[in-house]
Amino acid sequence: MIETFDLVVIGSGSAAQSVASRCRQAGWTVAMIDKRPFGGTCALRGCDPKKVLVDAAAAVDAARLLSGKGVRPESLAIDWTELIRFKRTFTDPHPEHLKAKLARDRIVTFQNTARFADPAHIDVGGTVLNATRAIVIAAGARPADLAIDGHEHVITSDQFLDLASLPPSLTFVGGGYISFEFAHVAARAGARVTILHRDDRPLAEFDAGLVERLVARTRALGVDVRLNTEVRAIKRANGQYRVMAGGPGGSSTAIDADAVVHGAGRVPDLDDLALDAGAVRYSEAGIAVNQYLQSVSNPLVYAAGDCADTDGPALTPVAAYEGRVVATNLLEGNHLTTSYDAIPSVVFTIPPLAGVGLRENDARANGASFVSNHHDTSNWYSSRRVGETYSAFNVLVEATSGRILGAHLLGPNADETINLFALAMRAGLTADRFKDVLWAYPTHGADTAYMV
């Protein structure tokens, strides 16, 4: 059976929805395919459900930080089963709600694995979709394969978010944002937590000095963070899992845990698509695209989001933005290119770590002349009043123009405050203009005037 559409979209997350809705509004016939429940990673298996757990942990942490300062948190605890049940009130209805919305918009949905039959046709469970104008691949990412013995014993972040009960002990493989975020949640829920990272620099995309403070904060929480420790094998042992790892100086170590969680990065989810049959060039970094997000080898194909090989970071807002760029180029002809300037990113630990723009080493490599304004803010009113003892910032200001080149924050409300810096950088505001703003007080926004 063959069905014909102007546009066939593979994936149903932020990038896919952006391009599909725009093209449908323009009168195109559109099909959307996803092998998993509709909604994409962020809404179902990523940022949204994760933040539900993080906010619960933050509520517990806020009370504990104020112990002895007027708050008595002794009986406060996370009920994991109840928390997961609450999380599911967001995730469980979402796929059907989205499919109903797509149906109202007359976007035809297929829940099955998509595979290229040839450069213009997609096979979906025996039905062949003929794309007359474009195929957009927005398939997202998946956990990277772990080349270690016993990798089958590792659970993914998806599975962690669905644990009906929290294991008494967990070991996270890798020191990325998934490991740190979930470790902060699990530790505050009462689990014994270990993070194993193979080199001396976790969270490499963020300011090095602030990462050091966050590692210290994580250890103070009770999390065993081991750097320069590479996982070599995982075995079943006495009803638990034994993680064998190599440590500094050639040493070896073994950690027993009730669950081992994958936190060692994600890769484009392209294996099922039969891209070679579609004449779509790709690599480990994703689908090769030109400046218009069009495939370099098949002009009918565009790609957006985590599965596209672009300079954009793997973030939900970036995926949605790339989807809009693709839609514009499909509807108006190739002319719009991407810009990835001043995109903020956050590690949702407690407190959060955030950054936007250049880090110091990047600025130096670019030959920029700048002033680095950095300070420990644990004694600032905004940190002391909530009991947080780990907070700091590093803001880079160009010496000649006064433009803000980069901003890096660790501390309460950093996840929101970073957006002020992103807005200022996008708008080209100088540090002096930033200082001139009359901020509401007392707020974290008001602190920014003293950071530039």
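Predicted model: local features only at pLDDT ≥ 70, side-chain atom pairs only at ≥ 80, totals over all residues.
## Aromatic contacts and backbone features

Arg236 lies over the face of Tyr241, and the distance to the ring centre is 4.6 Å.

A pair of aromatic rings is described by the distance of the centres and the angle of the planes. Across the whole structure, a search finds nine aromatic pairs. One of them joins Phe86 and Phe90, whose ring centres are 5.2 Å apart; their planes stand at 80°, so the pair is edge-to-face. Both residues belong to helix H4 (residues 80-91), where they are four residues apart, about one turn of the helix. Phe86 is partly exposed, with a relative accessible area of 45%. Phe90 is also partly exposed, its relative accessible area being 46%.

Phe160 and Phe182 form a stacked aromatic pair, with 4.4 Å from centre to centre and 15° between the planes. Phe160 is in helix H6 (residues 157-160) and Phe182 is in helix H7 (residues 177-188), so this pair ties together parts that are 22 residues apart in sequence. Both Phe160 and Phe182 are buried. The two residues also take part in a cluster, in which ring pairs link Trp80, Phe160, Phe172 and Phe182.

The backbone is the second topic. Most residues other than glycine have a negative phi, and most peptide bonds are trans. A cis peptide bond is found between Ile350 and Pro351, with omega about 5°. Pro351 sits in the loop that runs between strand E21 (345-347) and strand E22 (353-357). The bond from Tyr441 to Pro442 is likewise cis, and its omega is near 0°. Here the proline, Pro442, is placed in the loop between helix H13 (431-436) and helix H14 (444-447).

Note on methods: Residues numbered from 1 in each chain as written. Heavy atoms only, no water. Phe/Tyr/Trp six-rings, centres within 6.5 Å; stacked < 30°, edge-to-face > 60°. Helix = DSSP H or I, 4+ residues; strand = E, 2+ residues; numbered from the N terminus. Buried < 20%, exposed > 50% of the residue type's maximum accessible area, 1.4 Å probe, protein only. Lys NZ or Arg CZ within 6 Å of the ring centre and 35° of its normal.
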